Amino acid sequence: MTNDPMKGGIDNAIEIKSLRKEFRVYRRTYNSLKTHAIAAAISSVKRDKHNTHYDLRVALADVSLTVPRGQAIAIIGRNGSGKSTLLSILARIYLPTSGEAIVHGRLIALLELGAGFDGDLTGNQNLVFNAAILGLTQDQIKDRYDEICTFAGLDQATMNLPVRMYSSGMQLRLGFAIATHLDTDVILVDEGLAVGDEAFQEKCFRKMEQFKAEGRTIVIVSHELDHIERLAERVVWLDKGVIKMDGDVPTVLKAYREALMSD
Amino acid sequence: MPSIVIRPPGPKVDNFAEFREFWRYKHLLRVLVERGIRIRYKNSVLGVAWSMVTPILSVIVYSILITAILHTGSSNTSAYIFAATLPWNFFSFAVLDSSAAILQQLGLLKKIYFPREIPVISNVLQNFVQFLISMFVFVVYRWGLTTVVHGWPGWPPYQVIYLPIVITIMVLFTTGFAFFISALNVFYEDVKFVVSLLLTLGFYFVPVLYPAEKIQYSARLTPSMQTIAYHAYLLNPVAWVSQAFRQMLFGVYNMAPVGSPPQMTAPFDVRIMCIDGFESVLMCYIGYAFFNRMKRKFTERP
């Protein structure tokens, strides 16, 4: 997790080399001293080093993937295939078990819109916090403030109200407006487009298409195959932590749909 | 163009690299501190005034206890107690809050990356703002209100120039402690109960209700034991900082009742400041190093 001088090709936005992630699945939750003590006692009685109190679940099994700059790539797969884990590792939420991933450029992960909104604070206060947590400085927030409010369709009076008084649609619009006014070269989106009404979804699509036109790299994880057909130019199909297929949109989606049908 | 290399956690942690990474997010720290203070007093009529109510009320109660019931105090007992509660309250509230600091933000830490130090340090700084408010109340009480009621209480001794250093020692020690507690409490939720128990008992090991020098005059100890016990007691930076606040703000005076042999309070001791300052730097570094090791697993908490 350090900044490293240029490594690899500048033409690639993301380089993933045999990335592996194992999670420990505990047989019970170990959040207190008592349960830790019991577990230690049991393992000392059993005197068996291989008998651990957790199982290893492989979420990603040595995945390698290179995403060229400016590509819009979609990741699909059944629940538990490792899509979200991959995104979370790129977003630096989890550290990998082995392997390496390099991201060239500033990366924003939209795993949740309006993350960290506090209902009791006003729209303005939440905007400042959310934008700061996504990496904007005070001056940048000031500069983009009007643009963000306009995009979200919220007037000054509304921005001064506590967010708990907003409708869920208004909260989403504010979250999305902030997320799309950041300086970013690589955007990770986790199901972020499947929210809001038709008109708002259309607005989101247009924003994503604008990002594509600007040459930014987009990684989308979604179950909405229609969205993928519209936005992506490449699809990676993950299955049980390995890449089952990687190619152009019609080919992979066709195979994926057939696999879904045959189950 | 910046590049980020994501690698598995290695056996070694570069604490200075981790700190530089944290420092890149200092603007977020400021926003989080402001937000924390806002949320703390949201929807309350008195607002920030609440942060003054607790110290003022506790000082009133202690003063009544000591002057009216125990009959041991002098005329400035209330201010004398007030001065020592300033660092103690900062330490105890900051440590108590820090046990929840990471767990409270865990949902957010699972959605957006930002340095894990931010919630802990923001929590210490929020309490530091409270400390500054209490400090202001103290100054108004000691040199404003007292002057009006009893007359000018006199300037503090020249050692008051050490105040910034003593406050730095207090903040460093508290931050190191907070790093330990916040990291441990993610995996062992008993920690917060242990901490509140230790703080309740620890209050009696800090010179708030009594002058630290009383240990030196304890009739139950031999003279050599008196000196050893007194210095061992002051090796605890929290106890020493509380005493130092009194020494810097009041100077030396006789705490013996009229008619008995004089018992002088000790003057500010720069050598003890150096020792406790060193301890605090060490505490802060070890706490941070421990935190850096633990923080990699926060989001994978079972």
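Reader: Which residues have the most contacts inside the largest nonpolar core?

Author: This is a predicted model: local features need pLDDT of at least 70, side-chain atom pairs count only at pLDDT 80 or more, and totals for chains, interfaces and linings use all residues. Residues are numbered from 1 along each chain as its sequence is written, with chains lettered from A and ligands numbered from 1 in the order in which they are written. A nonpolar core is a set of buried Ala, Val, Leu, Ile, Met, Phe, Trp, Tyr and Cys residues joined through C-beta atoms within 7 Å; buried means 20 or more other C-beta atoms within 10 Å of a residue's own, with C-beta atoms placed from the backbone. The largest such core has 135 residues, and those with the most contacts inside it are Leu90(A), Ala109(A) and Leu188(A).

Reader: Which helix gives the largest share of this core?

Author: Helices are DSSP runs of H or I with at least four residues, strands are runs of E with at least two, and both are numbered from the N terminus. The largest share of the core is 16 residues. They come from chain B, from helix H4 (residues 77-109).

Reader: Which residue of chain B is in contact with Ala109(A)?

Author: Two residues are in contact if their C-beta atoms, placed from the backbone, lie within 7 Å. Neighbours within four places in sequence are left aside here. Ala109(A) then touches Leu87(A), Leu90(A), Ala91(A) and Leu188(A), and from chain B, Ile112(B).

Reader: Which element supplies the largest share of the side of chain A that touches chain B?

Author: In total, 48 residues of chain A are in contact with 32 residues of chain B. Elements of chain A that each supply at least two residues to this side include helix H1 (33-46), strand S5 (98-104) and helix H3 (123-133). The largest share, six residues, comes from S5(A).

Reader: What is the radius of gyration of chain B?

Author: Chain B has ten helices and one strand. The radius is taken over C-alpha atoms, and the globule rule is 2.2 Å times the number of residues to the power 0.38. For 302 residues, a compact globule would come near 19 Å, which agrees with the value for chain B, 21 Å.

Reader: What share of chain B is buried?

Author: The C-alpha atoms of chain B fill a box of roughly 75 × 50 × 35 Å along the principal axes. Of its 302 residues, the buried ones make up 35%.

Key
Buried ≥ 20, exposed ≤ 12 C-beta atoms within 10 Å, placed from the backbone.
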